[in-house]
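I opened this model to look up its overall build, then a few local spots. My entries follow in the order I made them.

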Amino acid sequence: MKFVTAMIHKESFIGLVHGERIIDLAKAEKEIFELSSIPKSLYECIKLGDKFVQHVKQIVDKINEEGSEGFLYRIEDVTIIPPIPRPTKNIFCVGKNYREHAIEMGSEEDIPKHVMLFSKAPTTVIGHEDEIDPHLHITNELDYEGELAIVIGQKGKQINEAEAMDYVFGYTIINDLTARNLQAQHKQFLLGKSLDTSCPMGPYLVHKSAVSNPYDLTLTTKVNGEVRQNGNTKDMIFSIEHVISTISQGTTLEPGDIIATGTPAGVGKGFNPPKFLKPGDIVEVEIEGIGVLRNRVKE
């Protein structure tokens, strides 16, 4: 199940990818069941939990049986926006969660012994195919970081690792864009990580039932077609379960919360000389089974 938040005729809707097309779930529900229960945002859908997912399965089963098409759009005819366009709180981010990335950013001494966490402001979020502001007035060291992100599905605190996956709704892609000079100058991550447009997200929110093993997903980042990052989620230092448990020990996690799980080696800063992003560059982050997130740096 690949959910989307999309726009058509200047109206937003919650959709589900169905082959090469997208189902307008509210429109389909109205036509098939004469109901109007589908929320207008994925955030509200997530809060409904398994009830929402099971209802969507009923809608899809009916579409497959009856072949109705009045609520199906071609993907190219809609504008896909971020699955959660405005998160209700900062995005949780895990730093240096891949050994080789930690080394490329310093040395083996930089490999963390405990989960390293920072956050990105909600105002950073943009969608698939949206333009990235290079912020040339404050940085010439804008860097990319392709990451698998978790979307939380239910409220929890002091979550045990053994139960942590029960709190996951699904997965999406994040490009954790970073102004390296600001990151170094201010001796912390928030400003360098929270520039407007520095969190491309999407294009899909994939329900966890469609991801058989989140620890065996190839992650590739390309800049202008050149492969820069080529990693696999099996190489995470800290597991998804451990990250969720760690955050939740003193912080309540809520439906719609987003956790970016870290980036593999190959970021621009890791090259000699560094390969930072420039106006006109096209960045593509692809995660196996999740999709491709593509954005262009504004000229």
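Where is Lys-96 found? I found Lys-96 in the loop between β6 and α4 (99-104). I looked there for its backbone: phi of Lys-96 is near 50 degrees, a positive value in a residue other than glycine.

**Ground rules.** I note that this is a predicted model, where local features need pLDDT of at least 70, side-chain atom pairs count only at pLDDT 80 or more, and totals for chains, interfaces and linings use all residues. Residues are numbered from 1 along each chain as its sequence is written, and side-chain values use heavy atoms, with hydrogens and water left out.

**Overall build.** I read off seven helices and 20 strands. Helices (H or I, at least four residues) and strands (E, at least two) are DSSP runs, numbered from the N terminus. The C-alpha atoms fill a box of roughly 60 × 45 × 30 Å along the principal axes. I checked the radius of gyration, taken over C-alpha atoms, against the globule rule of 2.2 Å times the number of residues to the power 0.38. A compact globule of 299 residues would come near 19 Å, and the protein has 19 Å, which agrees.

Buried residues make up 53% of the 299. Buried means under 20% relative accessible area, exposed over 50%, and partly exposed in between (1.4 Å probe, protein chains only). I also looked up contacts, meaning heavy atoms within 4.5 Å. Among those between residues at least 6 apart in sequence, 75% join residues at least 24 apart.

**Helices α1 and α3.** At what angle do α1 and α3 pack? Helix α1 (residues 25-33) and helix α3 (residues 50-66) pack at about 65 degrees, with axes 10 Å apart. Axes are lines fitted to C-alpha atoms, for helices over the stretch in contact, and angles run from 0 to 180 degrees between N-to-C directions. From α1 the contact takes Leu-25, Ala-28, Glu-29, Ile-32 and Phe-33. From α3 it takes residues including Phe-52, His-55, Val-56 and Ile-59.

I then followed His-55, which lies in helix α3. His-55 is buried, at 14% relative accessible area. Leaving aside neighbours within four places in sequence, His-55 is in contact with Glu-29, Phe-33, Leu-35, Ser-37 and Ile-38.

**Helix α7.** Why is α7 (residues 240-248) largely enclosed by the rest of the structure? Seven of its nine residues are buried, so the helix is largely enclosed. I list the buried ones as Ile-240, Glu-241, Val-243, Ile-244, Ser-245, Ile-247 and Ser-248. Their cover includes β6 (91-95), β7 (116-120), β11 (146-152), β12 (168-175) and β18 (258-260).

Val-283 is found in strand β19 (residues 282-287). Val-283 counts as buried at 1% relative accessibility. Not counting residues up to four places away in sequence, Val-283 touches residues including Tyr-144, Asn-175, Thr-221 and Leu-277. The C-alpha atoms of Val-283 and Glu-129 are separated by 9.7 Å, though the two are 154 residues apart along the chain.

Glu-129 is found in the loop between β8 (125-126) and β9 (131-132). Glu-129 has a positive phi of about 75 degrees although it is not a glycine. Glu-129 is partly exposed, at 46% relative accessible area.

**Cis peptides.** I noted a cis bond between Gly-202 and Pro-203, with omega about -5 degrees. Pro-203 sits in the loop between β14 (199-200) and β15 (205-207). Another cis bond joins Asn-272 and Pro-273, with omega about 5 degrees. Pro-273 is in the loop between β18 and β19.
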